[in-house]
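Thanks for making the time this morning.

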Amino acid sequence: MKILTILRKLGLVLSLAIVVSTVSAGETSTLKIPKAKQNFSAEQACVEPTDVMRRQHGLLLKHYRSDTMRHGVRTLEHSLVACINCHVTADEAGNYPTVHQGSEHFCRSCHTYAAVNIDCFQCHTSQPQESFSADMGPVQSD
Amino acid sequence: MEFWTAFYAISFYVATFILMFGLGYKIFQYAVTPAPLKIPTTPAPLTTGGVVVRLLLEVVIFRSLFRSNKWIWLFAIIFHFALWIVLVRHLRYFMDPVWTLVVLAQPFGKYASFAMLLGLFGLLARRMFVVRINYISVPSDYLMLFLLLVIGISGTLISFVTRTDIVQFKAFMLSVLCFDWSNLQTMPTDTMLLIHLTAVISLMIVFPFSKLLHVPGIFFAPTRNQVDNPREKRHVAPWAVKEFETTPASTTSE
C-alpha cells in the first residue's frame, strides 16, 4: 500500500534525524554571569539571600520604585543604583558594558538568556557611577 | 545529583518517549485504517483543494462547532488560542538563543494564561451544568480538564505570585534536552514548579491514550476529509476489492 511505504520512509528519516541530533548535541552552552565586585556581608553575597534575589529581584525593585516615586521613601536598601554600582564590572580595558551591548553586562546576561525584557534602563543608566564620574564630575548620590 | 533533578529528568525522557511514539503509532494506525464508505458530511467540497480549505477552517476556527453551538465555541476558541500563545512563550526554555518571535510573544503569553483559564473553566462548567453533557461525561473527560487546569493555575501562580529561578530551570532543561548528562544542571525545587511539571508530564503521558487524540484525529475524519465526488470517481478500499470482487468478463473493459 502506498501510504504504508510513505509512512515507513518518514519513520526512517525521523529516527535518523533523532540519532544525528543526539550525536551532534554536544554539551549545553553554559551561561556566564559576571561576578559582583564584593559580597554584601560576611554571611551573605547580596542584599538578600541568593535564592531570594534570583526569584524576587524584579519585585524588590518594583516595590522600591513605588516607595520612592509615590511615597518619597528613599533608602539604599534595594536601590537600583547600588545594584548597578556593585554588579556591573569593567572589562580588562577598563570599559564598562551597557545593557544594550555585550553579553558581559550583569542584567543582560540572564535577561537575554530567559527572554525577559526590562524597562529599567529606558530612564536609568546601566553603568556604575564610577564609570562616568571621571569626566562628568562626581555624580550626586541619591 | 539531587533527587528531584534526576527524577524530573528521567520522567521527562519517559514522557517524551511515550508522547512521540504513542502519537506516531496512533497516526500510523489512523492512516492505515480503511474508510470503506464515501461519507463526507454534505454540503462538502467537490475538489481536493476544497477539502484542504474545509479542514483548515475546521482546525483553525472550529467551523462546525461554531455552527452548532456559539457559547461552547467561544470558550473552546479562547482556550485553544490562548494555549498556542502560552506554548510559544514556553519555547524560551528550550532554545538558546531565543527566536525573536518567541521574545515578542513573552508579554502576550503571560496574560494569555488568564484567557486559557477562563476557557477551561467555561468548558468545565459546560461539562458539569449542561445536563445532557453531564450525563455522557466520564472520569477521563474531567481528568483532562483537571490536568490542564492544574497546569494553568500553577503556571500563572509561578509567573505572577510565587516565582521560580527561571534561569536555573532553563539551564536544567537545556542540559536535559542536549543529553548532557555529565553536566546535568540542578533544577529549582519550588513547590509550584514541581506541581506544574508533574501535571505537564502526566498530560504528555496520557495524551496518546486519551481524547486529546482529537489533535491528529480530526485530519483523519472521513466525514471531513473526503471529497464529494462519488459519481466522478468510484470509492473503493483496496482490501474490499481483493476480498469481495471477482472480475467477471462482463465488467472488464475491452
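Predicted model: local features only at pLDDT ≥ 70, side-chain atom pairs only at ≥ 80, totals over all residues.

Let me start with charge: chain B carries 20 positive and 12 negative side chains, and the centres of these two sets are 10 Å apart. In that count Lys and Arg are positive and Asp and Glu negative, with His and the chain ends not counted, and each charge is placed at NZ of Lys, CZ of Arg, CG of Asp or CD of Glu.

Residues are numbered from 1 along each chain as its sequence is written, chains are lettered from A and ligands numbered from 1 in the order in which they are written, and side-chain values use heavy atoms, with hydrogens and water left out.

Now to the architecture of chain B, which has twelve helices and zero strands, where helices (H or I, at least four residues) and strands (E, at least two) are DSSP runs numbered from the N terminus. Its radius of gyration is 23 Å, well over the 18 Å that the globule rule gives for 254 residues, so chain B is more spread out than a compact globule. That radius is taken over C-alpha atoms, and the rule is 2.2 Å times the number of residues to the power 0.38. Along the principal axes, the C-alpha atoms of chain B fill a box of roughly 75 × 45 × 40 Å.

Of the 254 residues in chain B, 39% are buried; here buried means under 20% relative accessible area, exposed means over 50%, and partly exposed is in between, with a 1.4 Å probe and protein chains only. Among contacts in chain B with a separation of 6 or more, 73% are between residues 24 or more positions apart, a contact being heavy atoms within 4.5 Å. Chain B exposes about 15100 Å², and carbon and sulfur atoms supply 72% of that area; the areas come from the Shrake-Rupley method with a 1.4 Å probe, and for residues only the protein chains shown count as cover.

Where do the two chains come together in this account? One place is helix H4 of chain A, residues 106–113, whose buried residues are Cys107(A), Ser109(A), Cys110(A), His111(A) and Tyr113(A). The cover over those buried residues includes helix H2 (50–71) and helix H3 (80–87) of chain A, together with helix H8 (166–177) of chain B.

Next, the backbone. Most residues other than glycine have a negative phi, and most peptide bonds are trans. Ala115(A), though not a glycine, has a positive phi of about 55°; this residue sits in the loop between H4 and helix H5 (129–136) of chain A, and at 6% relative accessibility Ala115(A) counts as buried. Phe179(B) also has a positive phi, near 55°, in the loop between H8 and helix H9 (191–206) of chain B, but at 34% relative accessibility Phe179(B) counts as partly exposed.

As for cis peptide bonds, one runs from Thr42(B) to Pro43(B), with omega near 0°, and Pro43(B) lies in the loop between helix H1 (3–32) and helix H2 (48–61) of chain B. Another joins Asp96(B) and Pro97(B), with omega about 5°, and Pro97(B) is in the loop between helix H4 (70–90) and H5 of chain B.

Arg127(B), in helix H5 (residues 100–129), counts as buried at 9% relative accessibility. Not counting residues up to four places away in sequence, Arg127(B) touches several residues, including Asp141(B), Tyr142(B) and Lys211(B), and its side chain makes a polar contact of 2.7 Å with the side chain of Ser137(B). A polar contact is a pair of N or O atoms within 3.5 Å; within protein, one must be able to donate a hydrogen and the other to accept it, and residues adjacent in sequence count only if both atoms are side-chain atoms.

Glu58(B), in helix H2 of chain B, is likewise buried, at 11% relative accessibility, and, leaving aside neighbours within four places in sequence, is in contact with Arg63(B), Ser64(B), Ile218(B) and Arg224(B). Trp181(B), by contrast, counts as exposed at 54% relative accessibility, yet its side chain makes a polar contact of 2.8 Å with the side chain of Tyr13(B).
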